[in-house]
Amino acid sequence: MGQSPISPAIAWPAKSTQVPKEIFVRQDVYAEEIKRIFHGPEWSPVAHASEIPNVGDFKTCYLGETPLLVARDEDGGIQVFYNTCSHRGTQVETAVSGNRRNFECPYHRWVFDLKGNLTACPLRPDDAVNFTKEKYPLEKPRVAIVHGLIFVTMSPEAPSIETFLDGYEDKLLNVMGGDGRLKLLGYHKLQLNANWKTYHDNDAWHAPLLHLAFRMLNWQGGKGRQFANDRGHRGFESALALPKGQTLLKDASLIEYRGGNLERGSCSLHLFPLFSAVKHLDTIGLRFVNPSALDRTDIHYAYFGREDDSEEMLRHRVRQSSNFLGPCGLVSMEDAAVFQRLHVGSHTPGMQVFQKGVRDEYAMPVEFSQNDESVNILSWEYYRKVMGFAKEAA
Ligand code: FES
Ligand SMILES: [Fe+2]
């Protein structure tokens, strides 16, 4: 976490409640973030094992600007490869997901099996003297799997996954439906015309103010709580429920909570830098988020039921996932519209300001109620340290 080399240097204010707007719009800051965060010693989930249940199932994705390929091998194991041919570096697989017996690079027809071994290439008598197929498998990043969630890091310096999660394994399990045995229901994708940190910062306070859907669920008056740690992770738990006498929906079955075996109506977990696991009512969603440019962020929402759900429960979850949070739903479009405006507004001097729930403008907050935005201050502090931005004197 050395000093940032970017110039002009970012003047990070002494008050913990202020974040400089320029970090959202400077290309040099973005380039440094890719290096220090997305290609640096952090862990990022890229898929859940239940997305590729069968031998040969695969999914492509990105970690920062690095293309990855996640596959289920012949022995049922999970493999993650850099999505680049070991010959000249061509992207090997371009489909978003699918099923293959092997991966073939189109350029010179090298073929890799599901474990990444090079199994065939047009062998010619004039191959290099020492050429053998064993020397050229697909390369792999480091991988750790927690409750089926597949984490990846490109850095040998990254700590263990346990150190990274910093005690949040149980919270992760709770959000994923209690035991991590999930069944994929479907995807939707969203591209935000905004810097990735607008999504990273996504606070709880705005929920009932921007989203009528959450107001309908009595968010503001709810008895939820938020939590955060020094590692940049944070989360939310609340027993959201439809208040009696609501008149906004004619048929409230869309937002009915059937509960299953879970304690709470809603909970979410945001892991630094960009992964979110969200359970709102009966919607279980994992959000694989990745920056694709300074002003563009790709969100890949994956929705799940539980392996032992009845057909009826699965139908209920699909209906709720696609209508409550999904692309034609009540919540996601509002976020996308506001984050775009936040990005436009960030091309101005000055600071973003945090105030809701703040007791001391210079200290790190420790306790948070459901609607506080002060909980975000801890992840900003972690970001500041990782980026090596020095704080001004108080
Ligand atoms: S680059 Fe893939 S086979 Fe040549
Ligand atoms: Fe939102």
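Analyst: A residue counts as buried when its relative accessible area is under 20%. The model discussed here is predicted. By that cut-off Y383, at 0% relative accessibility, is buried, and W12, with a relative accessible area of 3%, is buried as well.

These two residues form an aromatic pair. A pair of aromatic rings is described by the distance of the centres and the angle of the planes. For W12 and Y383 the distance is 6.2 Å centre to centre and the angle between the planes is 45°, a tilted arrangement. Because W12 belongs to the segment before strand 1 (18–20) and Y383 to helix 9 (residues 376–387), the pair ties together parts that are 371 residues apart in sequence.

W12 has a further partner in F389: the ring centres are 6.0 Å apart and the planes lie at 20°, so this pair is stacked. F389 is in the segment after helix 9, whereas W12 is in the segment before strand 1, and the pair therefore links parts separated by 377 residues in sequence. W12 and F389 are both buried.

In the whole structure, a search finds 17 aromatic pairs.

As for the setting, the protein chain contains nine helices and 19 strands. Its radius of gyration is 22 Å, close to the 21 Å given by the globule rule for 394 residues, so the chain is as compact as a globular protein of that length. Of those 394 residues, 54% count as buried. Among contacts with a separation of 6 or more, 65% are between residues 24 or more positions apart.

Notes:
Residues numbered from 1 in each chain as written. Chains lettered and ligands numbered in written order. Predicted model: local features only at pLDDT ≥ 70, side-chain atom pairs only at ≥ 80, totals over all residues. Heavy atoms only, no water. Helix = DSSP H or I, 4+ residues; strand = E, 2+ residues; numbered from the N terminus. Rg over C-alpha atoms; globule rule 2.2 N^0.38 Å. Buried < 20%, exposed > 50% of the residue type's maximum accessible area, 1.4 Å probe, protein only. Contact = heavy atoms within 4.5 Å. Phe/Tyr/Trp six-rings, centres within 6.5 Å; stacked < 30°, edge-to-face > 60°.
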